[in-house]
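Work through the exercises below with the sequence and the model at hand. Each task is followed by a solution in steps.

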Amino acid sequence: MPPVVGGLRLAPLPGAVPAWRASVDSDGLRRVCEAVAGSGGRLGALWASDERDRGAGFALHAVLVAFEGLVCVDVRLEGETYADVSDLFPAAGRMQRAIADLMGLRAGMRDTRGWLRHGAWREDAFPLRRDVALDARLPAGDPRYAFVPVEGEGVHEIPVGPVHAGIIEPGHFRFSVVGERVLRLEERLGYTHKGVEKRFESLSLEEGARLAARVSGDSSVAFSWAYAMALETAAACKVPERALWLRALLLERERVANHLGDLGALGNDGGLAFGLAQFSRMKEHLLRNNAALFGHRYLMDRVVPGGVTVDLDAAGAGSILAEADRLEDELRTLRSIYYDHAGLQDRCINCGRLTPRTAAALGVVGLAARASGHAIDARVFPGHAPYGELGPRLCSHRNGDVAARIVVRFEEAFESLDLQRKILHALPSTPTLTPLPEIAQRAFGIGWIEGWRGEVLVAVEADAGGRIRRCHPHDPSWQNWPALEHAVIGNIVPDFPLINKSFNLSYAGADL
Amino acid sequence: MHKILLQIARVGIKTEPAPPPDEALRRAAARMSEEMLQLLGRALAIRHVDAGSCNACELEIHATNNPYYNLEGLGIKFVASPRHADMLLVTGPVSRNMEEALRRTYEATPEPKLVVAIGDCGCGKGIFGENYASCGAVSNVIPVDVAVPGCPPDPAAIMRGILTAVTASAKGR
């Protein structure tokens, strides 16, 4: 049943997930957002496109997550401004700043600082406009950035990054502290912005799959599936059953691999190096199995539009089942060690709390939302094939602290192993790949996949000749980065690495 | 505590032999003298810099320290500051937003220093290419000694690259 959104005429989009599409004029965006926010919905993604070469102006595109499914709204703009929606959806703030940097459209927000721009191009250049070439050499702009100052007796600032002390992605954190307590954290991201959206427009729909797999390397399967789903929606193409089941198998393997990696790193950051040694060994074992069975440790380029490029024989299935039994046994041992370890628990309980209320206000998604008491999991609801038949169990916790995010990871890893078993016991015997029919110019599709971190969205519009007109890949980190700023308030500076790791957000995925 | 000890005993030692160096990965004639390399041995300190990667290379660099590869067991460790480092391990492509930070990190690393570029993007063959926001290969921004292709290169390949950089060039001998 389509959602009722303030008199909007919604046309259903064919495809794996329930989604509808509507077109509104520039006043419409605010009205639609108010209606969706009022009924408890969230903002999935917000991006812009340049339609001037087609005799129109600029357009905004919003994906709203209503109870019934996705509502995709295209907003025709007359000028270069539109109504700010960041009061309804705080996550919109950074998306609107990115739109201003890339497309030159302004929402009339008070915060007019660049987000992705830094000093790589000037304030009056807009690289995502269609009259700017992908390889344009844009003159450098002003790299200065005005962090919000915190004043008062004894307040000082600690700047960290963009090059961090560990093996992690680049970003800048500005802490305002009194003594050892954090009063405020301000994130500045965008360092890994490398023109991903513009690059999509230089590729064919088929080639785009390879780029989608590299939006955030740790979520390669999730992005590949979301991209494939978007194209399959645009082509109204039905994917063979076996391909869908194998995609779910790969997605669950990606989830387990990342959860194992994070559980190890969280133990290490909490002072239990033993945990890192154990979990990194288990993860390595899983990655080697991936390489042996599917030809790639991180399963890149195995999910493609129309199906999958891999298959599994009885021996392969047997080795995954054996691996699942072994991993489950070891996870049980390590879970009891983690939960009984007074030192680790002392570091994690009540550390970096994101309350259910703040999580809801910020529109937090994925693992972090579930650890703060929210029952959000796109595999469970609205669900899509083959998850309807698999019946995944949603794992959540009420406390919203580092310990809760550890619990959710353990429980989800167990559940993922179970799902892999279910998949292998009921793998349908159909082909694994079907050729995608030709995709018409202007055809639009959307993909929505619950990756290990949260929901991954990919929206694609086709151009003539099987090219990409516009592609917007959206990582859940957009929604969750602002939550980290809240979770860290009142904690001590040395706990920041632990809190940060417990969210483990993607820089590349949100910097694009 | 006994559960931890039991688990350690149950798992045993998993470390595999390190891969040999590979001259094919070398991009520049040895910039560090053989004498210096001998002095350094394998007591190498590495500063990692992500200059714009998709983060898959970071996963594999992390993996070089898991018990199977145990890079630290060779005396090679990752350090928190370029000022403590002998080598920069750089993943790319170098985004224009990271260009300055990468240059400054290079300048902050004391001489003599080595640079190993990791991954297809760092080598200039990645899918992102050069564009308004990307400088492409690491060697477009700072001098590179050894480049390790792969998307991402596996931990053994990364170790081969690191060990190639600290081994005197066969030609130089």
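**Exercise 1. Find what share of the residues of chain B count as buried, then describe the build of chain B.**

Step 1. Of the 173 residues of chain B, 55% count as buried; a residue is buried if 20 or more other C-beta atoms lie within 10 Å of its own, exposed if 12 or fewer, and partly exposed in between, with C-beta atoms placed from the backbone. This is a predicted model, in which local features need pLDDT of at least 70 and side-chain atom pairs count only at pLDDT 80 or more, while totals for chains, interfaces and linings use all residues. Residues are numbered from 1 along each chain as its sequence is written, and chains are lettered from A and ligands numbered from 1 in the order in which they are written.

Step 2. Chain B holds six helices and five strands. Helices (H or I, at least four residues) and strands (E, at least two) are DSSP runs, numbered from the N terminus. Along the sequence their order is α-α-β-α-β-β-α-β-α-β-α.

Step 3. Chain B has a radius of gyration of 17 Å, close to the 16 Å that the globule rule gives for 173 residues, so chain B is as compact as a globular protein of that length. The radius is taken over C-alpha atoms, and the rule is 2.2 Å times the number of residues to the power 0.38. Along the principal axes, the C-alpha atoms of chain B fill a box of roughly 55 × 40 × 30 Å.

Step 4. Two residues are in contact if their C-beta atoms, placed from the backbone, lie within 7 Å. Among contacts in chain B between residues at least 6 apart in sequence, 84% join residues at least 24 apart.

**Exercise 2. Carry out the corresponding description for chain A, including its domains.**

Step 1. Chain A has 16 helices and 13 strands, and 56% of its 512 residues count as buried.

Step 2. A compact globule of 512 residues would have a radius of gyration near 24 Å, and the 22 Å of chain A agrees with this. The box filled by its C-alpha atoms along the principal axes is roughly 70 × 65 × 45 Å.

Step 3. For chain A, 67% of the contacts between residues at least 6 apart in sequence join residues at least 24 apart.

Step 4. The domain assignment (bounds from an automatic or database assignment) gives domain 1 (1-146), domain 2 (155-188) and domain 3 (196-431 + 441-511) of chain A. The C-alpha centres of domain 2 and domain 3 of chain A lie 27 Å apart. Their contact takes twelve residues from domain 2 and ten residues from domain 3. On the domain 2 side, β7 (172-178) and β8 (181-188) of chain A each give two or more residues, and β8(A) has the largest share with five residues.

**Exercise 3. Which residues of helix α1 of chain A are buried, and what covers them?**

Step 1. In α1 (residues 28-38) of chain A, the buried residues are L29(A), V32(A), C33(A), A35(A) and V36(A).

Step 2. These residues lie on the same side of α1(A), because they cover an arc of only 160° around the axis; the arc is that of the directions from the helix axis to the C-beta atoms. An α-helix has 3.6 residues a turn, so residues three or four places apart point the same way.

Step 3. The cover over the buried residues of α1(A) includes β2 (19-25), β4 (58-65) and β5 (70-76) of chain A.

Step 4. Just after α1(A), G40(A) takes a positive phi of about 85°. G41(A) is in the loop between α1 and β3 (42-50) of chain A and counts as buried because it has 23 C-beta neighbours inside 10 Å. Neighbours within four places in sequence aside, G41(A) is in contact with V36(A), L64(A), V65(A), A66(A) and F67(A). G41(A) and A66(A) are 25 residues apart in sequence, yet 4.6 Å apart in space, C-alpha to C-alpha.

**Exercise 4. How many residues of chain B are in contact with chain A, and which elements supply them?**

Step 1. The contact joins 41 residues of chain B to 44 residues of chain A.

Step 2. At least two residues each come from α1 (2-11), β1 (45-50), α3 (56-63) and α4 (96-108) of chain B. The most, six residues, come from α3(B).
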